[in-house]
Amino acid sequence: MIKIQKYSDVEKDFFDSRSFGNKTDETVKSVLEEVQNKGDAALRIYGTKFDVAVPEVFEVPQEELKAAAEKLMIQKRDIYDALVYSHDLALRFAKSQRKSFKDFEEELEPGLFTGQKTIPVETAGCYVPAGRFPLVSTVIMTVTPAVAAGVKNVIMCTPPRVHPDDAAVASTKGKGVPGKAYVGGKPYADEGIMAAAYICGVNHLYAVGGSQAVAAMAFGTESIPKVDVIVGPGNKFVAGAKKEVYGTVGIDMIAGPTEVLIIADESANPAWVAADLLAQAEHDIVAQPVLVTTSQDLANKVSEEIEKQLETLTTKETARKSVDTFGKIILVENLEQAAEVANRKAPEHLELALDEGKERTKLEKLVHNYGSLFIGHYSAEVLGDYAAGLNHTLPTSGSARFTGGLSVRMFLKTVTTLRAEEKKSGTLRSSAAAGYLGDAEGLAGHARAARIRMEK
């Protein structure tokens, strides 16, 4: 049963940062070191230990990606169309984001021109998990902003699967299962992920999983190129590896447990609120579904709805643990206090389940710490997960206080330019000022470099 309590009774640690406990262990460090030193050979060693297959070559041919997309279109047209629609929205939104980064040059002083250029990275690496539930939507969310940013080479790593042509032999040998990898077959991956990769325009897909895939993209191997940035979710080993390679490459973020915070008043539909809370709870037993409301009646009805809907949820076991352990309904005195809770918590997803009007508009202005904001009863958070253009890779564990989610920004470098003209007053004044500041810091070479051009 979800816990209901007043704001004044909420435990202080509710607002603390949460993580998966993904402190980088020696296993991850060993993997990174081995891949950096031994390249593809290390990928095969760790693939044998951790994956179900170790293909003879790692890159999955584009023909396989195309075939997977065509198979999905024929056999599961609804899913194929949903992927295409989701990709289209994500690409249009990401292109709009790209347009917001303007190049400019401005004359600050006579003859002194300063500017800004926004340049995409050359190679981006996307990691897509393929565990119990292969995350086809993550392909869209990681690849699409890179493409919209103008990245020339977008690669992807995802855990390997046994190729259908090798399935019979693998089965006969008792291979192709965790702990008994089938070695030497054709490269293959989850078919849904391959289809999504083709739809989104991935340039190269490699059947390599886990922290060894992160290492391969960070350092480069004989088969896999070194990238400039690595994005995408994963288990604690993937997260730990990303943390370790930051600085060698850029990374999007280190994700913690997923979370949703819903601010609702008496106008909210209890069944809808409960459904949104459970949608978050089913992700993981440490996911955190939270409702903040001014209405005791709504709190009671939502609690009842959660119990009712849990009974028919196929992910009941996971969702139940999440709700019971980390779920919470917080009663507040007014919407200002609700905004205070949200800003202190800085949730990954923040829903405002209120009717349109002055109160909701005021609340929109009061909240400022969140990964994505969902406004109104029909703006379900799940739309942001799958098919509304927004990116679902968002800051967790309070990091929304200082960063936003994955966007085209991750794949862009904002650099500055200077153009100074001879004998113009701005150039002369800046050179003189630079000389004096060089003197002040005891850097004679700096001072000379500033003044030498004025001696002509």
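**Strand pairing**

A: Strand S1 (residues 3-6) runs parallel to S14, and four bridges join the two. Strands here are DSSP runs of E of at least two residues, and helices are runs of H or I of at least four, numbered from the N terminus. Two strands pair if DSSP finds at least two bridges between them.

Q: Which residue stands opposite glutamine 5 in S14?
A: Isoleucine 330 does.

Q: Before we continue, what kind of model is this?
A: The model is predicted: local features need pLDDT of at least 70, side-chain atom pairs count only at pLDDT 80 or more, and totals for chains, interfaces and linings use all residues. Residues are numbered from 1 along each chain as its sequence is written, and side-chain values use heavy atoms, with hydrogens and water left out.

Q: How many bridges join strand S13 to S14?
A: Four bridges join S13 (residues 288-293) to S14, and the two run parallel. Leucine 291 has isoleucine 329 of S14 as its bridge partner.

Q: And the faces of S14, buried or exposed?
A: Both faces of S14 (residues 328-331) are covered, with Lys328 and Ile330 buried on one side and Ile329 and Leu331 buried on the other. Buried means under 20% relative accessible area, exposed over 50%, and partly exposed in between (1.4 Å probe, protein chains only).

Q: Changing topic: what is the strand order in the open sheet of three strands?
A: The order is S4-S5-S17, with antiparallel pairing. The edge strands, S4 (104-109) and S17 (412-420), each pair on one side only.

Q: How many bridges join S4 to S5?
A: Five bridges join S4 to S5 (residues 112-120). Among the residues, glutamate 109 has leucine 112 in S5 as its bridge partner.
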